[in-house]
Amino acid sequence: MNDENFNMSIRKFLKMAGVGSQREIEQAVSKALASGQLKGSETLPVALKLSIPAIGMNVDFDGEITLE
């Protein structure tokens, strides 16, 4: 295994996932604010599941996103 390539591959995936996730969250929150579903002062629970089926890895991450 080439550790440098492995590390770069992980970083590339995480960057893509991070940027894509942020965009999706921002769009969903904007839509919810526009429709009145959110007021803009909420703290939203958030969950993320990371899995690599080929090696049987499944990890859950939980947190919060604050709007104010």
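**View 1. Secondary structure of the protein chain, with 1 helix and 2 strands.** From the N terminus on, these elements follow the order α-β-β, where helices (H or I, at least four residues) and strands (E, at least two) are DSSP runs numbered from the N terminus. This is a predicted model, in which local features need pLDDT of at least 70 and side-chain atom pairs count only at pLDDT 80 or more, whereas totals for chains, interfaces and linings use all residues. Residues are numbered from 1 along each chain as its sequence is written, and side-chain values use heavy atoms, with hydrogens and water left out.

**View 2. Overall dimensions of the protein chain.** Along the principal axes, the C-alpha atoms occupy a box of roughly 50 × 20 × 20 Å. The radius of gyration of the protein chain is 16 Å, while a compact globule of 68 residues would have a value near 11 Å; the radius is taken over C-alpha atoms, and the globule rule is 2.2 Å times the number of residues to the power 0.38. Of the 68 residues, 6% count as buried.

View 3. Leaving aside residues up to four places away in sequence, Phe61 touches Val46, Ala47, Leu48 and Leu50, a contact being heavy atoms within 4.5 Å. Between Phe61 and Leu50, which are 11 residues apart in sequence, the C-alpha to C-alpha distance is 8.0 Å.

Terms used
Buried < 20%, exposed > 50% of the residue type's maximum accessible area, 1.4 Å probe, protein only.
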